[in-house]
2 protein chains.
Amino acid sequence: MTERAPMAERIMAAADRLFYQKGIRAVGVDTVAAEAGISKRSLYDTFPSKDALVAAYLRQRIQPLPPSDLPPAAQVLALFDQLHVRFAHGDFRGCPFVNAVTELAEDCETARAIALDYKEDRRRHIASLLVRAGVRDPEVLASQIALLFEGAIASMLVRQDAEVALQARDAAAVLIRAAET
Amino acid sequence: MTERAPMAERIMAAADRLFYQKGIRAVGVDTVAAEAGISKRSLYDTFPSKDALVAAYLRQRIQPLPPSDLPPAAQVLALFDQLHVRFAHGDFRGCPFVNAVTELAEDCETARAIALDYKEDRRRHIASLLVRAGVRDPEVLASQIALLFEGAIASMLVRQDAEVALQARDAAAVLIRAAET
DNA sequence: TGCGTGTCACACAGATCGGTGTGCCGCATC
DNA sequence: GATGCGGCACACCGATCTGTGTGACACGCA
């Protein structure tokens, strides 16, 4: 009764908000425990170390993309519109996976592995859509569109301007069009 | 005689290496002083705070691009080849400005301002080349190519694969070609 | 009623953080 | 030789870091 949500979930909710918003290195475990409304002791009973907590935070950030009934090429472009919306929401702080690799620097083996999984999943998703769209070289084109996506995220982070998402989408549209027939 | 290089330069050389390679938050002032071969006291006599040291580190990272006699469109594409070379060099750790904004998170006002200056300079440089190349919408195209550049950097950081630079270059070539005539 | 469990608050360890104060030493200049 | 000064070593400050140990309290269950 005292626990509305299970311990691990409450911790993860706090860790997600704090790590993403303020940065992994900038947030101590005390802060996470306080935000979760639990004691540091309970946190360490649930996660053996901060590294494990960070890994769980990143793994939790991997979410499957919702299915769509748009035509495949439009689905690819819609990814950029979703990015545009996400940024306008105000709490955008870049890609948590890239951020983790950046922050952890020389201690980012685990983070990099998780980031690679995520990026590769997304690239494959784009590639499968492009195959259905019948374009030439769908694998390479998927990588290039993923680059535009990544670039839009990084640029939004420093420029604080959502418009780059639309510029990226337009560029992606040009690339797709150039690969048609 | 004891000082082969002036104090500030020795500090900056150490700070540049450490901040870029290991991250700003991950490196303390003691480490910088030790790497520079000076005392922490002397460091604080030269830079009033770590924030000032970080700002100097970032400002020093802004370097003018060398002139080139290639045709303008080729110069734009050459930027990606240079990125490819830089990555192959082995000590690539992403864009120091984006990294600083990522690491400093909520305390990144100064870093973001410097990053914006740098990114805008580079975008303008690309735009002026595109104007000379006579393409349509050179300003927008410059932004889109800058996005590819940013995306290549972020992707190299997590994938550790220099090939993305060439994929980005190819995509840029397609965008430029689509904007010709 | 008594026991076990889960969680709490709290204090602590040892390290590191950014930043400062102090006193000494080598050296150049007068 | 005296003086001043730049740089050094070193100790220290309070705060924070990750991680642990402890003892108490509240609860479910027998």
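Helices here are DSSP runs of H or I with at least four residues, and strands are runs of E with at least two, numbered from the N terminus. On that basis chain A of this predicted model has nine helices and zero strands.

**Chain A: fold and domains**

- Read from the N terminus, the elements of chain A follow the order α-α-α-α-α-α-α-α-α.
- The C-alpha trace of chain A spans about 60 × 35 × 30 Å along its principal axes.
- Chain A is split into domain 1, residues 7-60, and domain 2, residues 72-178.
- Taken over C-alpha atoms, the centres of domain 1 and domain 2 of chain A are 27 Å apart; twelve residues of domain 1 and 13 residues of domain 2 take part in the contact.

**A56(A)**

- A56(A) sits in helix 4 of chain A, which covers residues 50-60.
- Leaving aside residues up to four places away in sequence, A56(A) touches M12(A) and F47(A).
- M12(A) is 44 residues from A56(A) along the chain, yet their C-alpha atoms are separated by 7.7 Å.

**DNA strand C**

- Sugar or phosphate accounts for 52% of the atoms of DNA strand C within 4 Å of the protein, and bases make up the rest.
- Chain A reaches phosphate oxygens of DNA strand C through backbone atoms: a backbone N or O atom of G37(A) lies at 3.4 Å, and a polar backbone atom of S39(A) at 3.1 Å.
- From chain B, a polar side-chain atom of Y44(B) is 2.9 Å from a phosphate oxygen of DNA strand C.
- Helix 3 (40-46) of chain A and helix 3 (40-46) of chain B are the elements that give two or more residues to the surface near DNA strand C.
- Helix 3 of chain B gives the most to that surface, with three residues.
- By class, the surface near DNA strand C has four nonpolar, five polar and four charged residues.

**DNA strand D**

- For DNA strand D, 48% of the atoms within 4 Å of the protein belong to sugar or phosphate, and the rest to bases.
- A base nitrogen of DNA strand D lies 2.9 Å from a polar side-chain atom of R41(A).
- Phosphate oxygens of DNA strand D are 2.8 Å from a polar backbone atom of K50(A) and 3.4 Å from a polar backbone atom of S39(B).
- Two or more residues of the surface near DNA strand D come from each of helix 2 (29-36) and helix 3 of chain A, and helix 3 of chain B.
- Helix 3 of chain A supplies the largest share of that surface, three residues.
- The surface near DNA strand D comprises four nonpolar, five polar and five charged residues.

**Largest cavity**

- The largest cavity has a volume of about 160 Å³.
- Its lining holds 18 residues, and V98(A), T102(A), A154(A), V98(B) and A154(B) lie nearest the centre.
- Helix 6 (96-104) and helix 8 (138-159) of chain A, along with helix 6 (96-104) and helix 8 (138-159) of chain B, each supply at least two lining residues.
- Ten residues of this lining are nonpolar, six polar and two charged.

**Second largest cavity**

- The second largest cavity has a volume of about 120 Å³.
- Its lining consists of 15 residues, of which S155(A), R159(A), K119(B), A146(B) and E150(B) lie nearest the centre.
- At least two lining residues come from each of helix 8 and helix 9 (163-178) of chain A, and helix 7 (109-133) and helix 8 of chain B.
- The lining of the second largest cavity divides into six nonpolar, three polar and six charged residues.

Methods:
Residues are numbered from 1 along each chain as its sequence is written. Chains are lettered from A and ligands numbered from 1 in the order in which they are written. This is a predicted model: local features need pLDDT of at least 70, side-chain atom pairs count only at pLDDT 80 or more; totals for chains, interfaces and linings use all residues. Side-chain values use heavy atoms; hydrogens and water are left out. On a 1 Å grid over the protein atoms alone, a cavity is a set of points where a 1.4 Å probe fits but cannot get out, and a pocket is an open set with protein on both sides within 12 Å along at least five of seven lines; lining residues have an atom within 4 Å of a point. Grid points are joined across faces, edges and corners, and a volume is the space filled by probe spheres set on the points. Ala, Val, Leu, Ile, Met, Phe, Trp, Tyr, Cys and Pro count as nonpolar, Asp, Glu, Lys and Arg as charged, and the others, Gly among them, as polar. A residue is near a molecule or strand if one of its heavy atoms lies within 4 Å of it. A polar contact is a pair of N or O atoms within 3.5 Å; within protein, one must be able to donate a hydrogen and the other to accept it, and residues adjacent in sequence count only if both atoms are side-chain atoms. Domain bounds come from an automatic or database domain assignment. Contact means heavy atoms within 4.5 Å.
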